[in-house]
Amino acid sequence: MYEVSDIRKNLKIQIDGEPYIVVDFQFVKPGKGNAFTRTRLKNMITGNVLDRTYKSGEKLEPAQLEEHPMQFLYSQEGMYHFMNTENYEQIEMEESQVGDAKDYLIENLNVNVLVFNNRPIAINLPNFVELEVVETEPGFKGDTVSGGNKPAIMNTRARIQVPIFVNSGDRIVVDTRTGQYVERAKK
């Protein structure tokens with residue numbers, strides 16, 4: 001059981017049998033009365049957000065989540081297929097379960113899948129992935145000093161802002177947490 005003082009961002013707790021993640025919290029110590037913590041919680045299955053207040057001394061139940069190392073195999077007709085790298089079982093997830101992670105899923109990418117009650121509910125991506133630029137405008141000579149960016153389409157259909165010197169066919173490293181260009185991939 002967690003104490004109220006254990007509340008922090010990304011803490012996973014269980015309320016009424018469903019997993020929630022702490023999105024935001026604020027500890028409040030009023031001049032009179034007991035201290036309390038205001039939290040903003042997101043349901044990890046439905047995505048609904050709720051605000052809840054906990055008084056000091058209350059207990060929180062940890063979410064019963066398992067994390068399995070898996071490899072992304074392929075996507076077909078809105079379904080994403082993964083293979084557990086420990087027991088070689090395959091699972092499939094709907095596009096709504098995969099969320100924004102679909103922009104960074106390339107074949108054979110190793111990810112961690114969060115499972116709640118034998119049901120996959122979310123994906124933890126590696127912090128950096130290497131993607132190929134399939135479409136972008138060509139850079140102009142003499143434009144390299146301005147340091148501007150231009151839109152580019154990746155091999156996963158993700159749209160990312162890249163520096164002007166990046167061309168179609170280049171491989172780049174992208175930060176999956178922010179969705180931003182990091183550097184050209186080393187060959």
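Start by selecting Arg 177 and Phe 128: Arg 177 lies over the face of Phe 128, at 5.4 Å from the ring centre. A charge counts as over a ring if NZ of Lys or CZ of Arg is within 6 Å of the ring centre and within 35 degrees of the ring normal.

Before moving on, a note on what you are viewing. This is a predicted model, in which local features need pLDDT of at least 70 and side-chain atom pairs count only at pLDDT 80 or more, while totals for chains, interfaces and linings use all residues. Residues are numbered from 1 along each chain as its sequence is written, and side-chain values use heavy atoms, with hydrogens and water left out.

**The open sheet**

Next, select β12 to β16. These five strands form an open sheet in the order β14-β13-β12-β15-β16, with antiparallel pairing. Strands here are DSSP runs (E, at least two residues), numbered from the N terminus, and two of them pair if DSSP finds at least two bridges between them. At the edges you will find β14 (159-163) and β16 (180-184), each pairing on one side only. Zoom in on β12 (residues 128-136) and β13 (residues 149-154), which are joined by three bridges. There, Thr 136 stands opposite Ala 152.

**The hairpin**

Now go to β8 and β9 (residues 90-94), an antiparallel pair joined by five bridges. Met 79 has Glu 94 in β9 as its bridge partner. Five residues lie between the strands of this hairpin, where Tyr 88 takes a positive phi near 65°.

**The aromatic cluster**

Select Phe 72, Tyr 80 and Phe 82, which ring pairs link into a cluster. Rings of Phe, Tyr and Trp (its six-membered ring) pair if their centres lie within 6.5 Å; planes under 30 degrees apart are stacked, over 60 edge-to-face, and the rest tilted. Phe 72 and Tyr 80 are a tilted pair because their planes are at 35°, with ring centres 6.1 Å apart.

**The cores**

Which residues touch the most other members of the largest nonpolar core? Select Phe 82, Leu 105, Leu 131, Met 154, Val 162 and Ile 172, out of 27 residues in that core. A nonpolar core is a set of buried Ala, Val, Leu, Ile, Met, Phe, Trp, Tyr and Cys residues joined through side-chain atoms within 4.5 Å. For a last stop, pick Ile 7, Leu 11, Tyr 54 and Leu 60, which are included in a second, separate core of ten residues.

Terms used:
Helix = DSSP H or I, 4+ residues; strand = E, 2+ residues; numbered from the N terminus. Buried < 20%, exposed > 50% of the residue type's maximum accessible area, 1.4 Å probe, protein only.
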